[in-house]
Amino acid sequence: LKTHAAGVLDKAQTAFGGHNVTLAAKVAGIHWRYGDHSHAAEVTAGYYNTNGRNAYREIAEVFKSYGATLDFTCLEMRNSEQPSNAHSYPEYLVQQVLDAA
């Protein structure tokens, strides 16, 4: 995922170089199973956010290296609005991303 992001941002930087353009890309908020130690939904989507790794910090570092803005989803979501069996904690995920950025 990080290699892909770097490749896309590199091509965008080349295409828009010399123009007054700020690069930005959206990072999906994979909040399902966030409260489970496996972080299965994130891992399946390519976000290795388990075993002491912080996928969002690693992705943010790629964005920073290109001067790109990280747009994030699920900012409007609340933990209390999610089904308990989903172990979904979008508010905690948003905080992790804010801390990483």
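**Rings, burial and a helix face**

Tyr-47, Tyr-56 and Phe-72 form one aromatic cluster. This is a predicted model, where local features need pLDDT of at least 70, side-chain atom pairs count only at pLDDT 80 or more, and totals for chains, interfaces and linings use all residues. Residues are numbered from 1 along each chain as its sequence is written, and side-chain values use heavy atoms, with hydrogens and water left out.

Q: How many aromatic pairs does a search of the whole structure find?
A: The search finds three. Rings of Phe, Tyr and Trp (its six-membered ring) pair if their centres lie within 6.5 Å; planes under 30 degrees apart count as stacked, over 60 as edge-to-face and the rest as tilted.

Q: Why is the pair of Tyr-47 and Tyr-56 called tilted?
A: The ring centres of Tyr-47 and Tyr-56 are 5.4 Å apart, and their planes stand at 35 degrees, so the pair is tilted.

Q: What makes the pair of Tyr-89 and Tyr-92 stacked?
A: Their planes are at 20 degrees and their centres 5.3 Å apart, so this pair counts as stacked.

Q: Why is Tyr-56 called buried?
A: Buried means under 20% relative accessible area, exposed over 50%, and partly exposed in between (1.4 Å probe, protein chains only). Tyr-56 has 2%, so it is buried. Tyr-47, at 7%, also counts as buried.

Q: Why is Tyr-89 called partly exposed?
A: Its relative accessible area is 30%, so Tyr-89 is partly exposed.

Q: Where is His-31, and why is it called buried?
A: His-31 sits in the loop between strand 1 and helix 2. Helices (H or I, at least four residues) and strands (E, at least two) are DSSP runs, numbered from the N terminus. The relative accessible area of His-31 is 8%, so it is buried.

Q: What makes the meeting of the His-31 and Ser-88 side chains a polar contact?
A: A polar contact is a pair of N or O atoms within 3.5 Å; within protein, one must be able to donate a hydrogen and the other to accept it, and residues adjacent in sequence count only if both atoms are side-chain atoms. The side chains of His-31 and Ser-88 make such a contact at 2.5 Å.

Q: How do you know that the buried residues of helix 4 line one face?
A: Helix 4 spans residues 90–100, and its buried residues include Leu-93 and Val-97. Seen down the axis, the buried residues fall within an arc of 160 degrees, so they line one face. The arc is that of the directions from the helix axis to the C-beta atoms. The face turned away from the buried side carries the exposed Leu-98 and Asp-99.
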